[in-house]
Structures are given as C-alpha cells and as structure tokens.
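Colleague: Could you take me through this structure step by step, so that I can see how each answer is reached?

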Amino acid sequence: MKIAQVTPLYEAVPPRLYGGTERVVAHLTDALVDLGHDVTLFASADAETRARLIPVRDQAIRLDPEPLKSDLAAHMAMLAEVLDRADDFDVIHFHTDMVHFPFFRDLADKTVTTLHGRLDLKDLPDIYERWPQFGLVSISDDQRRPLPAANWKATVHHGMPGDLYRFSPRSEGYLAFLGRISPEKRPDRAIEIATRLGRPLKMAAKVDAADAAYWETVIRPLVEGNPLIEFVGEIGDDRKSAFLGGAEALLFPIDWPEPFGLVMIEAMACGTPVVAFRCGSTPEIIEDGATGFLVDTMEQAVTAAGRAHELDRETIRARFDLRFSATAMARRYLDVYGDLLARRPFAAHVLDGEPIRPLREARSFAVRA
C-alpha cells in the first residue's frame, strides 16, 4: 500500500521533548514501513523516520528560535505539497485535525483523519456537519462523546515500540508525574497524594506559556515548599525509561476528558502501574487491579497509590505488549485503510497487482502485512 502520513508541524517527528501527536505519527509510520508498506511522511526536516520524508519546513515550530512564526502558513504550505502529490498515494492519513477539509473535499474518499485532541469545543460540531464525507478515527471511544453523529470509522488506541522503553522489575520507591503543568492535568492532586502518603514525588513536566501563571501562583509554591517534591522539568524519550521505570506508580490525576493519555502506556511499557482518575479515556486504557487502579476521589487515590507495589510489573509489561505496541496500532490502521480502499471503485485501486475486491479481502491483506 502507498500511504502518506501528514503530521502537525509543532514538534519534530518524534518530538525532542514533550509531544504526543507527533510521537504517535513517528511510531505508526515506522511500524507501517516495517510491515512492508510504501510510506511517505510529510513533516519538518528534523524528522527521524524509516519512511520517505518530504520536508515541508526547516524545523518544527515550537523549538524554532525565530520569534515570529506563522503556524497557519506552515500548515497551508504542507497541505499544498500533499495535494500536489495526492495521486501518488492509495491512502492519505491526516493527523492535522480538520484544517485539510476545504483543500481535500474532492479527495475525501482516499483520506483517513485521526483526531488527537478534545472535541467538546463550541465550533467543532458545525465543521464536522459541513464536511461529513471525511472518515474519522478516534483514539478512544470516550473521545467521540461530544460528536456522536460524526463520520466515525474506527477507534484505534495509540501504540509504542516495545523496545523503546526498558522494563524495570523493581521500583526505587518514589511516585511520578509526567506531562504538562496545567489545571486539567491536576499536578496539585499528585502533590497532595504524595504528601499524604509521605512519599517522594518526582515531577517531569513541561510548562507552556499559557500555563505560566498557573505554575507560578499555584504549583511552584507547592513544589518549593515541600521537601518530598522534586521538579525535574521537561524530559525526552532518552530519560523516560529511567524516570518511569524507577517509579512505584505513575500518578495520572486528570480532571478533563483526556482523549488518550500517552504517558499511561509509556509507564506500562516500563512495568510501572498507573493510578488514574476515572475520566476521559482512562477506563479504556487501565485495567483496574491489573495494570493500575482507577479512582474517583482523593481518598481512593491515596489508598491506590499506597497499594501500587502489590501489582505485578511483569504482567503490566505483558499487557502493554499485547494491547499497545506500535505493531498492534499499525495493524488496526491497516484494517481502516483496507476498509477505505474496498469502498472505492474496484478498477481504480490495485494492491500487489490485483484489484481490491470484497471488504474481507482488503482486511486479510492488512493482516498478512
């Protein structure tokens, strides 16, 4: 299959530091190449990929030192490049929310769009009603709730390469928080849980400009005034195995409809259990009592964090390998691509020299790959 992957341009592929969508695109792209497909990645020039790279910007936007940048212009230029090459691909897989809809409305039948963000925003329903021809993929079933009538084709949970994170058979006794310092991620809850247990908490987190006031007025005083709390700052993939693997539990005390929560499966890959509030995607990702604990209150969270050492770390890693590997994710997307191709005119689309016929044949092709 000839597949285009179109990523946002805010972070490198994969990101140097914090970043979710571009990290998933990187892992999906490499897994599809490993499964034998012809993949082209449209991304910034600092991408690292096993696919064919079409560089559409000299570097990712966030770490570009230029003070004045137009992310809209960068993405429009990329979409024009994809449109010029659209005939080269069987499937064009967008990870750019809805920005490509006006450009590709005549080619919607060869596109797949994965939505990576929250969907409970005021203006979104009108957009998906205006362009219903675009097939959508959710990253959790819960993510769909604000837009139940949208043109959903599948839910595909994220995956990570099994060898990217090192399994740790035992912890070093501290609790961990990894993510962004923002009100919806509730780092204040993580600090309270650790403090009530009298346990060390290490926080590896990014502070966006939009959250700078929250950091300065709410979280920083809690960190600096508490000897149990160590603020590590933003870290990249090269430090995550040690950080997550050394933790007795990852605290995921969110207070918003999290579409997925990549850090949960990163922790699982290290064998580390997750204590997560029952919110957004967490019931789909965490198997309560096996890979972590789902909680509804702070009292439950404190109790669960104190019991995390009871869970078997080898079992947690095994569940990651079964459910959340990059290969598992890629195979699920191949099913989506196969369904898309099977619905198009038979004579116009060929795989391995043979026309695509019934849906079952398209799916078996994906499995064979």
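Colleague: At what angle do helix 1 and helix 11 pack, and what does that make their arrangement?

Modeller: In this predicted model, helix 1 covers residues 21-34 and helix 11 covers residues 326-342, with their axes 9 Å apart. The angle at which they pack is about 75°. Angles of 65 to 115 degrees count as roughly perpendicular, and therefore helix 1 and helix 11 are, relative to each other, roughly perpendicular.

Colleague: How do the residues of the contact of helix 1 with helix 11 divide into nonpolar, polar and charged?

Modeller: Helix 1 brings V24, H27, L28, A31 and L32 to this contact, while helix 11 brings A326, T327, M329, A330, Y333, L334 and Y337. Sorted by kind, the residues of the contact divide into 10 nonpolar, 2 polar and no charged.

Colleague: Which element gives the largest share of the largest nonpolar core?

Modeller: The largest nonpolar core has 90 residues, and those with the most contacts inside it are L201, I265, V274 and Y337. Y337 is also one of the residues that helix 11 brings to its contact with helix 1. The largest share of the core, 9 residues, comes from helix 11.

Colleague: How many residues are in the other core, which lies apart from this one?

Modeller: Among the residues of that other core are A4, L9, F89 and L136. Its number of residues is 28.

Colleague: Is the aromatic pair of Y333 and Y337 stacked or tilted?

Modeller: Y333 and Y337 are 4 residues apart in helix 11, which means that about one helical turn separates them, and both are buried. Their rings lie 6.3 Å centre to centre, with 25° between the planes. Planes under 30 degrees apart count as stacked, so the pair of Y333 and Y337 is stacked.

Colleague: How many residues apart are Y174 and F243, which form another aromatic pair?

Modeller: This pair is tilted, with 6.4 Å centre to centre and 45° between the planes, and both Y174 and F243 are buried. Y174 belongs to strand 8 (residues 174-180) and F243 to helix 6 (residues 237-245), so that the pair links distant parts of the chain.

Note on methods
Residues numbered from 1 in each chain as written. Predicted model: local features only at pLDDT ≥ 70, side-chain atom pairs only at ≥ 80, totals over all residues. Heavy atoms only, no water. Axes fitted to C-alpha atoms, helices over the stretch in contact; angles between N-to-C directions. Helix = DSSP H or I, 4+ residues; strand = E, 2+ residues; numbered from the N terminus. Parallel < 35°, antiparallel > 145°, perpendicular 65-115°, else oblique. Contact = heavy atoms within 4.5 Å. Nonpolar A, V, L, I, M, F, W, Y, C, P; charged D, E, K, R; others polar. Core = buried A, V, L, I, M, F, W, Y, C linked by side-chain atoms within 4.5 Å. Buried < 20%, exposed > 50% of the residue type's maximum accessible area, 1.4 Å probe, protein only. Phe/Tyr/Trp six-rings, centres within 6.5 Å; stacked < 30°, edge-to-face > 60°.
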